[in-house]
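Student: I have a structure to go through and would like to ask about it piece by piece. Can we begin with the surface and then turn to the charged side chains?

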Amino acid sequence: MSAIGGWCYVVCAFLIGIDVVGRNVFGVTTRATVELSGYLLATGIAWGLAGAFVSRVHVRIDVLVEKIPARLRSFFHLLSLLFLLAFAGALAYGAVIVLHDSWDFNAHDISVLSIPLWIPQFFWAFGICVFAAIVLLTTIEVVALLAAQRTGMVNQILRQKTYEEEAAEAIAATESAKSGQ
């Protein structure tokens, strides 16, 4: 899903580039770029949320977290997961309601393409629902680990990446790009 989300941004940039060149060089525009790029941006963000969570690359402020004793830290991780679960659940609920309403009212975009809104909203809502589901499953896993008094595993799953891990990922990505994989 992260890769598809990333490709949404590439396609969006391509469409915008074509529109800019067409407008400035040839005096023509697609008149659909704003509509399509909006759908692509929404889908790219929604589909990237779950991957960012699993990869532990969401923006975090962990200045004090590492100073807290490991046992207490695992409960703070659970607390933050519960807040994230509430937020993701609210997003998923809202996305499903928007999708449902667009379907019920047969809503169409008021642009050149007149796309039925439920189509792009389905992809957007799907990404948000997958994100909420992954946060829910992680919360269940953390509760089970805490019940089993395995706080070290909780901290291992939810801790911030170290600079060594980030450097290793960057090196692996560079080597993968060089070898053409």
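Student: Which helix gives the most to the nonpolar patch?

Tutor: This is a predicted model. The nonpolar patch on the surface is formed by Met1, Trp103, Trp118, Ile119, Phe122, Phe123 and Phe126, with about 660 Å² of accessible area together. One of these residues, Ile119, is partly exposed at a relative accessible area of 33% and lies in helix 4. With 5 residues, the element that gives the most to the patch is helix 4.

Student: Is Thr138 buried or exposed?

Tutor: Thr138 lies in helix 4, which covers residues 118-147. Leaving aside residues up to four places away in sequence, Thr138 touches Phe53, Leu81 and Leu158. Its relative accessible area is 11%. The cut-off for buried is under 20%, so Thr138 is buried.

Student: Which backbone oxygen lies 2.8 Å from a polar atom of the side chain of Thr138?

Tutor: The side chain of Thr138 has a polar atom at that distance from a backbone oxygen. The residue that supplies the oxygen is Ile134.

Student: How many residues apart in sequence are the parts that Glu165 and Arg56 tie together?

Tutor: The side chains of Glu165 and Arg56 meet in a salt bridge, 3.2 Å from N to O. Glu165 lies in helix 6 (residues 163-179), whereas Arg56 is in the loop between helix 2 (33-54) and helix 3 (70-104), so the parts tied together are 109 residues apart in sequence.

Student: Which residues do salt bridges that share partners join into one network?

Tutor: Glu165 also forms a salt bridge with Arg159, with the closest N and O atoms 2.8 Å apart. Through shared partners, the network joins Arg56, Arg159 and Glu165.

Terms used
Residues numbered from 1 in each chain as written. Predicted model: local features only at pLDDT ≥ 70, side-chain atom pairs only at ≥ 80, totals over all residues. Heavy atoms only, no water. Helix = DSSP H or I, 4+ residues; strand = E, 2+ residues; numbered from the N terminus. Buried < 20%, exposed > 50% of the residue type's maximum accessible area, 1.4 Å probe, protein only. Polar contact = N/O pair within 3.5 Å; in protein donor to acceptor, adjacent residues only side chain to side chain. Contact = heavy atoms within 4.5 Å. Patch = residues over 30% accessible without salt bridge, like charges linked within 9 Å, V, L, I, M, F, W, Y side chains within 5 Å. Areas by Shrake-Rupley, 256 points an atom, 1.4 Å probe, with all protein chains shown as cover. Salt bridge = Lys/Arg side-chain N within 4 Å of Asp/Glu carboxyl O.
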